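Subject: Structure handover

Hello,

Please find the structure below. My notes on it follow.

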Amino acid sequence: MDIRIGHGYDVHRLAEGLRLVIGGIEIEHTKGCLAHSDGDVAIHAICDAMLGALALGDIGKLFPDTSEEFKGIDSKILLRRVCDIIAEQGYTISNIDCTIALQRPKLRPHIDTMRQTLADVIGFDVDRISIKATTTEHLGFEGEEQGISAHAVALLTR
Ligand code: MG
C-alpha cells in the first residue's frame, strides 16, 4: 500500500462587514475574510494538504486568484474538485485533521456542522475528519483579530 501525507496552511485577513465562512458554513460575526473566493481558510488548508500529499502544488496554482471563474466562489466547489483530482490519481482520503486559529467568535458550537458539511462534500464518514479551533491567547495577528489561520494534514492511501 502507498501511504501519502500532506500538510496545508492558509491565512486570510479579517475585515468589517464581510461574510465569515469557515469549514463550509457561514458563521455570524461582525468581520469576515478578505479573499478572491469566499475566504474559507479551513477548506483552503485542507485542499493544500491533499494536494501536498501527491506533490500536485497548491490551490493557488489550480484555481488562480486572477481568474474571474473563481471570484467569490464557494470553497466547497474547490474542495470537491480537489477530491476528484485525488480520485483520478487512484488515491482514497483516509483522514483529515484541521486546526483553525482565531480569537473570536467561538467555533465550538459549529465544529460538528463543519465536520458533517465537509464529510458530505468529500464523500467519506464524518469520523474521518477532525476540526479543532484554538485562540492564540490574544497573541499575534489571529489574537489581535486581524486575521484567521488554519493548518491541516491529510493522509491518502492507494
Ligand atoms: Mg486562502
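Glu-145 counts as buried, at 17% relative accessibility. Its place is the loop between H5 and strand S7 (147-157). Glu-145 is not a glycine, yet its phi is positive, at about 60 degrees. Please keep in mind that this is a predicted model.

Is His-138 buried or exposed? His-138 counts as exposed, at 54% relative accessibility. Glu-145, at 17%, falls under the 20% cut-off for buried.

Now the metal site.

Which residues hold the magnesium ion? Asp-10 (OD), His-12 (NE2) and His-44 (ND1) coordinate it, at 2.2 to 2.3 Å. Along the chain, these donors follow the spacing D-x1-H-x31-H. Asp-10 is in strand S1 (residues 3-16), while His-44 is in helix H1 (residues 41-53), so the pair ties together parts that are 34 residues apart in sequence. Asp-10 is buried, with a relative accessible area of 16%. His-44 is buried too, and its relative accessible area is 6%.

H1 has 13 residues. From its first C-alpha to its last, H1 reaches 18 Å, close to the 18 Å expected at 1.5 Å a residue. Of those 13 residues, 12 are buried, so H1 is largely enclosed by the rest of the structure. Among the buried ones are Val-41, Ile-43, His-44, Cys-47, Asp-48 and Met-50. Just after H1 comes Ala-55, with a positive phi of about 50 degrees.

His-44 also turns up at the largest pocket.

This pocket holds about 220 Å³ of space. Its lining has 13 residues. Which of them lie nearest the centre? They are His-36, Ser-37, His-44, Phe-63 and Asp-65. S1 and helix H2 (59-62) are the elements that give two or more residues to the lining. By type, the lining divides into six nonpolar, five polar and two charged residues.

Helix H4 (residues 111-122) has 12 residues. H4 reaches 16 Å from first C-alpha to last, close to the 16 Å expected at 1.5 Å a residue. Which residues of H4 are buried? They are Ile-111, Met-114, Arg-115, Thr-117, Leu-118, Ala-119, Val-121 and Ile-122. An α-helix has 3.6 residues a turn, so residues three or four places apart point the same way. Met-114 and Leu-118 are both on the buried list. The buried residues of H4 pack against several elements: strand S2 (20-22), strand S3 (25-27), H1, helix H3 (75-88), strand S5 (92-101) and strand S6 (129-134). Just after H4, Gly-123 takes a positive phi of about 85 degrees.

Pro-105 is in the loop between S5 and H4. The peptide bond from Arg-104 to Pro-105 is cis, with omega near -10 degrees.

Next, strand S5 itself.

Ser-94 is found in strand S5. Ser-94 is buried, with a relative accessible area of 19%. What does Ser-94 contact, leaving aside neighbours within four places in sequence? Its contacts are Arg-128, Leu-155, Leu-156 and Thr-157. Ser-94 and Leu-156 are 62 residues apart along the chain, and their C-alpha atoms are separated by 5.3 Å.

Thr-30 is in the loop between S3 and strand S4 (31-33). Not counting residues up to four places away in sequence, Thr-30 touches Ala-15, Glu-16 and Gly-17. How far is Thr-30 from Val-121? Their C-alpha atoms are separated by 27 Å, and the two are 91 residues apart along the chain. Val-121 is among the buried residues of H4.

That is the handover.

Best wishes

Technical notes: Residues are numbered from 1 along each chain as its sequence is written. This is a predicted model: local features need pLDDT of at least 70, side-chain atom pairs count only at pLDDT 80 or more; totals for chains, interfaces and linings use all residues. Side-chain values use heavy atoms; hydrogens and water are left out. Donors are N, O and S atoms within 2.8 Å of the metal (3.2 Å for Na, K and Ca); water is not among the atoms, so sites may look incomplete. Helices (H or I, at least four residues) and strands (E, at least two) are DSSP runs, numbered from the N terminus. Buried means under 20% relative accessible area, exposed over 50%, partly exposed in between (1.4 Å probe, protein chains only). The expected span of a helix is 1.5 Å times one less than its number of residues. On a 1 Å grid over the protein atoms alone, a cavity is a set of points where a 1.4 Å probe fits but cannot get out, and a pocket is an open set with protein on both sides within 12 Å along at least five of seven lines; lining residues have an atom within 4 Å of a point. Grid points are joined across faces, edges and corners, and a volume is the space filled by probe spheres set on the points. Ala, Val, Leu, Ile, Met, Phe, Trp, Tyr, Cys and Pro count as nonpolar, Asp, Glu, Lys and Arg as charged, and the others, Gly among them, as polar. Contact means heavy atoms within 4.5 Å.
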